[in-house]
Amino acid sequence: MPIKPDIKNKLSQLFEDWASEKMVSIEAIHAAGSERNYFRIRSNSKVAIGVFHLDDKENQAFISFSKTFSNLNFNTPKLFAEQLQNQIYLIEDLGDQDLFSLVLTDAESLSDKTISLYKKSLNALVEFQTRAVKQIDFTKCTPRSTLDKQSLLWDLNYFKYYFLKTQKIEFDEQKLENDFHTFINYLLEADQNYFIHRDFQSRNILIRDNEPYFIDYQGGRMGPLQYDVASLLFQVKANLNSEIKQELLEYYIGLLGKNPEINISSFRKYFYPYVLMRLCQVMGAYGFRGLIERKAHFIQSIPFAISSLKSLLGHLKMEIQTSELLNVLKSVSELNYLLPQRRKVGLTIHLNSFAYKAGIPIDFSGHGEGFVFDCRSLPNPGRMKEYKHLSGLDKEVKKYLELHKEIPEFLDCVIKILAPAISKFQERGFSDLSINFGCTGGQHRSVYMTESVKKYLKSNFNVHIELQHTQKNNWITTI
């Protein structure tokens, strides 16, 4: 939603009242998944982050928590000014570098510097969990003051309706609901008497002067120790390797061991179940923000979430019977989503065949869906008994299709559209282009056309080709 000019004017006035200086610039700051609107506002000698958010309760929670954290000398943004009647406030500018960007820079193996920042963050987390809990005004929490049964049920239903159903995962509604309740009751056996940030992950940890600072805690509430450390170590797109996760987990447990009131054995028992809970919650978010709202960052995160789930299920142990939930999770772990490959130099073309009943394939590059060609007007070998069990890869189907003049005419039209577009994409230095062919079953015509275009591209362009037939046995070929 575009920000009304009067909001910017009010933020500018609030800034000038605080700074006692004339504003010289105000620029919007992109926030991937947030409904809040951020602006960097400058005068000649001062800078602040202006925030506009329509949710009054979240604003009140953020401001209340910020004051508490400031009194405790925690590394959180200082609150400079507020005007809650206008849904705006000013906070300290902590810069743009976050811990997640360092993880991406380190690629496959974290540097000593990044590991050190993770450990500093875990030290701070213990302080949030055990010291702040004695000072926080939990009446300001929204929508609930604790991570209670209702909160967890909302998250699991978010996962069910926005991820499971969009992926057409089959399940018995009542059995799954029963398992949700069993799972939640098991989770709530863990000690719940700590403060949780609720979204404690590397994107919400800013780095300044080699120290971590923490933001976006307006969803904080009372809850278990396990939740936030699970969020940090198993943040899906950070994709930490298992050795580093284990090292950091043991480091955190060592910190907890200094407090004689904390039961370490109980913490370990419920840790991985909370990892699963957090994973379900984020997959619900990816379903809504990515699959429904089509936001690239969330779409790109889905393969990482599925990979994390697959890894987790290998050693998840719970003393409860939740067969329907486990069957659903197994089905999710088998979904055909590829982890994005390391970025190649030059243009990568993502060629896909698909069935319209299953929907147009998702573009994980974040550059949009590209071209979509509908092959359903072409002669359909799938209606003939002798070709039903075959695909567009089989010579019998190819021969049948090539007997019809519509096939080369269609292919010629497609190439006339694609050729100049690909040339322009290369000329302008684009990195990705998706080309999709759909038919009724995603088995014959779309597969044939996808293979034909692949052959043409290999002969006429210097491009990388990643080909996927999404319906026929989930075949995937990278060229």
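Arg 208 lies over the face of Tyr 213, 4.8 Å from the ring centre. The charged end of Lys 46 sits over the ring of Trp 18, at 5.4 Å from its centre. A charge sits over a ring if NZ of Lys or CZ of Arg is within 6 Å of the ring centre and within 35 degrees of the ring normal.

This is a predicted model: local features need pLDDT of at least 70, side-chain atom pairs count only at pLDDT 80 or more, and totals for chains, interfaces and linings use all residues. Residues are numbered from 1 along each chain as its sequence is written, and side-chain values use heavy atoms, with hydrogens and water left out.

**Aromatic pairs**

A search of the whole structure finds 31 aromatic pairs. Rings of Phe, Tyr and Trp (its six-membered ring) pair if their centres lie within 6.5 Å; planes under 30 degrees apart count as stacked, over 60 as edge-to-face and the rest as tilted. Two stacked pairs are tabulated here.

| Pair | Centre to centre | Angle between planes |
|---|---|---|
| Phe 159 and Phe 163 | 6.2 Å | 15° |
| Phe 371 and Phe 373 | 6.0 Å | 10° |

Phe 159 and Phe 163 both belong to helix H5 (residues 149-164), 4 residues apart, about one turn of the helix. Helices (H or I, at least four residues) and strands (E, at least two) are DSSP runs, numbered from the N terminus. Phe 159 has 0% relative accessibility and counts as buried. Phe 163, at 1%, is also buried. Buried means under 20% relative accessible area, exposed over 50%, partly exposed in between (1.4 Å probe, protein chains only). Phe 371 is partly exposed at 23%, whereas Phe 373 is buried at 11%.

Ring pairs also link a cluster, including Phe 62, Phe 65, Tyr 89, Phe 128 and Tyr 217.

**Helix H3**

H3 spans residues 99-106; Leu 99, Phe 100, Leu 102, Val 103 and Asp 106 are buried. Seen down the axis, these residues fall within an arc of 160° (directions from the helix axis to the C-beta atoms), so they line one face of the helix. The face turned away from the buried side carries exposed Leu 104 and Thr 105. The buried residues pack against helix H4 (112-130) and strand S7 (205-208), contact meaning heavy atoms within 4.5 Å. Asp 98 caps the N-terminal end: a side-chain oxygen lies 3.2 Å from the backbone nitrogen of Phe 100.

**Strand S13**

In S13 (residues 464-469), 5 of the 6 residues are buried, so the strand is largely enclosed by the rest of the structure. S13 pairs with S10 (residues 348-355) in the parallel sense over 6 bridges; pairing needs at least two DSSP bridges. Leu 351 stands opposite Leu 467 in S13.

Conventions
A polar contact is a pair of N or O atoms within 3.5 Å; within protein, one must be able to donate a hydrogen and the other to accept it, and residues adjacent in sequence count only if both atoms are side-chain atoms.
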